[in-house]
Amino acid sequence: MGLLEKLETSILTADGAMGTLLYSYGIDYCNEELNIQKPEIIEKIHQDYIAAGADIIQTNTYGANAIKLARYGLENQVKEINEAAIQIAKRAAAPGNQFVLGTIGGIRGIRKSDATLQEIIHSLDQQALNLLAGDPDGLLLETYYDLEELKTTVTHLRKLTDIPIIAQVSMHDPGILQNGLSLNEALHQLEAIGANIVGVNCRLGPHHTIQAFEGVKLPEKAFLSAYPNASLLDIDEGKIVYESDADYFGKAALYLRDAGVRLIGGCCGTTPKHIEAVKKHIGHLTPITNKVVTKKKPIIIQDAKPTNTKPLHEKAKTERTIIVELDTPRHLDTTTFMEGAEKLYAAGIDAVTMADNSLASPRISNMAMGSMLKYENNIRPLAHITCRDRNLIGLQSHLMGLDALGIHDILAVTGDPTKIGDFPGATSVYDVSSLELLQLIKQLNEGISFSGKSLRKKANFSVAAAFNPNVRVLDRAVKRLEKKIECGADYFITQPVYSKEKMHEIYEATKHLSTPIFIGIMPLTNSRNSEFLHNEVPGIKLSEEVLERMRLCGEDRERATAEGIQISKELIDTAAELFNGIYIITPFFRYDMSLELIHYIKEIDRKKERGFSYVQTSN
């Protein structure tokens with residue numbers, strides 16, 4: 001009798017965690033390598049689960065794909081590792097008594113950039129074909145946080161085989177996937193594309209897994225499965241532990257059965273004792289065939305509160321828009337910063353933009369300074385957010401705080417690595433890339449948290465992305481812009497540009513885009529400053545003409561300042577013709593230089609309004 005036939009009339013017990021037991025043995029390297037290095041250990045674990053009552057065991061191949069094995073330099077041993085795994089499981093299982101599933105684990109977490117779908121399919125082919133060659137009773141797809149990846153995997157595998165496919169998603173919150181889709185909808189989508197058994201595993205313990213299934217209808221053709229963790233994990237003296245009573249886990253299986261689940265196993269933290277308890281409580285029961293789904297009161301997501309000002313990206317589409325960067329202080333004296341911001345805003349700029357610990361050096365939080373600007377001086381703040389300093393928890397919390405403060409203009413950037421800053425030993429987080437951060441911010445604008453949970457209210461962020469045009473091949477940089485637009489970028493802010501020719505090149509390369517671009521203008525202060533920017537700061541390049549003009553100023557500070565402003569004005573002449581958005585970067589708190597450039601832009605616009613012919617400033 002095959003697996004699906006058995007599930008027609010029975011509730012089956014699957015095995016529990018492999019990694020948990022290996023971890024308890026002190027093994028902290030590649031679990032899958034043990035299939036060829038120490039197969040006796042893997043076979044003993046299979047036998048222990050079978051002795052505990054497991055009707056189904058899975059191969060030790062969760063991470064046995066080229067992408068994950070590459071972490072250990074084993075990407076060329078995919079065939080050997082998977083073939084050994086299924087042979088070990090087959091030896092352990094008694095023919096006719098236990099089913100053997102070939103396990104394929106998810107690759108993506110919250111980061112889609114972990115692997116492209118093409119890379120995933122290529123890796124999948126390598127692993128799946130070797131597992132299928134061993135004639136498993138089914139394929140188990142587990143720990144998939146990204147539904148797109150799982151659906152792609154199921155669709156592709158269904159072309160390769162007609163054996164049963166078990167497709168299991170993982171959730172951050174009960175009943176909701178990280179893209180905001182309900183578990184019920186996700187499982188029915190998986191059934192529709194060919195999965196025979198659909199369910200969940202990992203991340204959640206029994207309580208929340210039961211809660212997640214309350215809203216799941218019984219599939220028309222497929223069966224339901226659940227492999228909960230033993231409990232929520234804890235850390236004890238540096239070691240991962242799961243505080244869970246095996247009998248509690250077994251009793252929870254009764255509730256899963258009542259929710260319509262027919263295949264019940266265990267994930268992280270579970271041991272043969274947990275599986276023995278499951279078998280004890282449900283081994284004699286038959287599946288339910290009817291279920292009353294608990295209807296939860298729908299959560300209403302409120303629309304974002306309208307802002308009093310037009311979003312910067314909307315304004316920049318039709319009229320001059322000026323933003324000025326003013327770094328927050330590295331010390332606790334905010335007097336000069338506030339004074340500068342007030343004068344800049346009085347001069348008619350649209351927003352003061354503040355970096356997020358630029359060059360990886362700590363400054364006063366731009367959230368704090370942005371709040372002071374907004375509520376003490378009625379100045380519009382634009383806060384940069386890097387991926388470097390905060391993990392996903394911190395990023396979402398920070399963004400929720402910005403929304404609560406009414407700071408809706410933000411720039412999402414990757415952030416300079418910590419090695420270049422004041423604390424080179426600090427950790428660079430980078431849980432996500434700037435592209436993924438854009439997507440997550442736009443998810444907040446839909447009222448959905450990073451984990452997929454409802455936020456009960458939509459955020460209202462206007463999101464800028466960075467654009468470095470100072471590259472050899474501009475077309476490649478523009479391709480990246482197009483990706484950022486797909487991810488949700490509303491407008492772009494460039495690195496400082498020091499060439500009129502480059503500005504024309506940027507215009508020609510981007511004129512097909514409707515997304516506004518703010519051209520960066522940063523006045524130079526002296527020759528040493530110019531050489532430093534050109535030679536040491538990533539993403540900034542000066543023309544030889546500009547470098548020479550600054551060199552000729554020598555040590556004459558006034559002359560250098562005047563020359564730096566003149567160069568910026570000449571660049572503004574071209575930028576103002578081609579782009580509505582101008583981004584002035586204030587050097588070393590020299591907001592007087594930024595003020596002069598603002599006045600210059602305003603005068604250009606006044607002349608254009610009065611019908612004066614436009615003449616560029618000569619060199």
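The buried residues of helix α8 are covered by elements that include strand β3 (99–105), helix α7 (117–133), strand β4 (138–144), strand β5 (165–169) and helix α9 (183–192), and I would like to begin the tour from there. Contact here means heavy atoms within 4.5 Å, and buried means under 20% relative accessible area, with exposed being over 50% and partly exposed in between, using a 1.4 Å probe and protein chains only. Helices (H or I, at least four residues) and strands (E, at least two) are DSSP runs, numbered from the N terminus.

Please keep in mind that this is a predicted model, in which local features need pLDDT of at least 70 and side-chain atom pairs count only at pLDDT 80 or more, while totals for chains, interfaces and linings use all residues. Residues are numbered from 1 along each chain as its sequence is written, and side-chain values use heavy atoms, with hydrogens and water left out.

To return to α8, this helix takes in residues 147–160, and its 14 residues reach 20 Å from the first C-alpha to the last, close to the 20 Å expected at 1.5 Å a residue; the expected span is 1.5 Å times one less than the number of residues. Its buried residues are Leu147, Glu149, Leu150, Thr152, Thr153, Val154, His156 and Leu157.

Now let us step back to the whole chain. There are 23 helices and 18 strands, and the C-alpha trace spans about 90 × 50 × 45 Å along its principal axes. Of the 619 residues, 55% count as buried, and among contacts between residues at least 6 apart in sequence, 78% join residues at least 24 apart.

How are the strands from β11 to β18 arranged? They form a closed barrel of eight strands, running β11-β12-β13-β14-β15-β16-β17-β18 with parallel pairing, where two strands pair if DSSP finds at least two bridges between them. From one strand to the next the twist averages 25°. Axes are lines fitted to C-alpha atoms, for helices over the stretch in contact, and angles run from 0 to 180 degrees between N-to-C directions.

Looking at individual neighbours, strand β11 (residues 321–325) is joined by three bridges to strand β12 (residues 351–354), the two running parallel, and isoleucine 323 has alanine 351 of β12 as its bridge partner. Helix α16 (residues 392–405) packs on the sheet, where it touches β13 (381–386) and β14 (409–413), and its direction makes about 175° with that of β13. Helix α22 (residues 557–578) also packs on the sheet, touching β17 (517–521) and β18 (581–585), with its direction at about 170° to that of β17.

Strand β16 (residues 491–496) is largely enclosed by the rest of the structure, because five of its six residues are buried.

Within strand β13 we find leucine 382, which counts as buried at 0% relative accessibility. Leucine 382 and isoleucine 410 are 28 residues apart in sequence, yet 5.2 Å apart in space, C-alpha to C-alpha. If residues up to four places away in sequence are not counted, leucine 382 touches residues including Ile323, Ala351, Ile410 and Tyr491.

Which helix comes within 10 Å of α14, axis to axis? It is helix α23 (residues 591–609), whose axis crosses that of α14 (residues 335–346) at roughly 5°. That makes α14 roughly parallel to α23, a term for angles under 35 degrees, whereas over 145 counts as roughly antiparallel, 65 to 115 as roughly perpendicular and the rest as oblique. The contact is made by Thr336, Glu339, Gly340, Lys343 and Leu344 of α14, together with Tyr591, Ser594, Leu595 and Ile598 of α23. By class, this contact of α14 with α23 has four nonpolar, three polar and two charged residues; Ala, Val, Leu, Ile, Met, Phe, Trp, Tyr, Cys and Pro count as nonpolar, Asp, Glu, Lys and Arg as charged, and the others, Gly among them, as polar.

Finally, a word on backbone angles. Most residues other than glycine have a negative phi. Arginine 203, however, has a positive phi near 70°; it lies in the loop between β6 (197–201) and α10 (206–213) and counts as partly exposed, at 34% relative accessibility. Arginine 456 likewise has a positive phi, of about 70°, and its place is in the loop between α17 (434–444) and β15 (462–467). Is arginine 456 buried or exposed? Arginine 456 is exposed, with a relative accessible area of 57%.
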